[in-house]
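Please look over the sequence and the structure shown here before reading on. The briefing that follows starts with the chain as a whole and then turns to particular residues, grouped by topic.

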Amino acid sequence: QFLGEHGCTFPTDLRPFGCTTYLCRYMYAKLDKASLSRIKRLVRELEQKHTILLRTIRPVAWENEEKD
């Protein structure tokens, strides 16, 4: 829906985290394997840091439920 001629048209300052880290089929089609591999690694790293940040600012109740 937000895919334009030069990529995503959704405003970057309003783009949800999941959208920011999502690799779409167009990216797979246009990027070489080395670039995709690097992006995937960086996305995993970003997701880990994002999780740490969220846990720091607001503990998640459901995480405690999983341990029970």
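**Briefing on the protein chain**

Read from the N terminus on, the elements of the protein chain follow the order β-β-α-α-α-α, and its secondary structure comes to 4 helices and 2 strands. Please keep in mind throughout that this is a predicted model.

**Surface of the chain**

- The protein chain has 68 residues, and 10% of them count as buried.

**Helix 1 and T21**

- Helix 1 covers residues 17-21, and T21 lies within this helix.
- If the neighbours within four places in sequence are left aside, the residues in contact with T21 are V43, L46 and E47.

- Helix 3, made up of residues 33-57, has 25 residues and spans 36 Å from its first C-alpha to its last, which is close to the 36 Å expected at 1.5 Å a residue.
- In an α-helix there are 3.6 residues a turn, so residues three or four places apart point the same way.
- D32 is placed in the loop between helix 2 (25-30) and helix 3, and with a relative accessible area of 43% D32 is partly exposed.
- A side-chain oxygen of D32 reaches, at the start of helix 3, to within 3.1 Å of the backbone nitrogen of A34.
- The side chain of D32 also has a polar atom that lies 2.9 Å from the backbone nitrogen of S35.

**The aromatic pair**

- When the whole structure is searched, 1 aromatic pair is found.
- This aromatic pair is formed by F2 and F10, whose rings lie 4.8 Å apart from centre to centre with 85° between the planes, an arrangement that is edge-to-face.
- F2 counts as partly exposed at 36% relative accessibility, and F10 counts as partly exposed at 24% relative accessibility.

**The cysteines**

- The structure holds 0 disulfides.
- C8 is in no disulfide, and the cysteine sulfur nearest to that of C8 belongs to C19, at 6.7 Å.
- Because its relative accessible area is 42%, C8 is partly exposed.

Note on methods
Residues numbered from 1 in each chain as written. Predicted model: local features only at pLDDT ≥ 70, side-chain atom pairs only at ≥ 80, totals over all residues. Heavy atoms only, no water. Contact = heavy atoms within 4.5 Å. Buried < 20%, exposed > 50% of the residue type's maximum accessible area, 1.4 Å probe, protein only. Expected span 1.5 Å × (residues − 1). Polar contact = N/O pair within 3.5 Å; in protein donor to acceptor, adjacent residues only side chain to side chain. Phe/Tyr/Trp six-rings, centres within 6.5 Å; stacked < 30°, edge-to-face > 60°. Disulfide = S-S within 2.5 Å.
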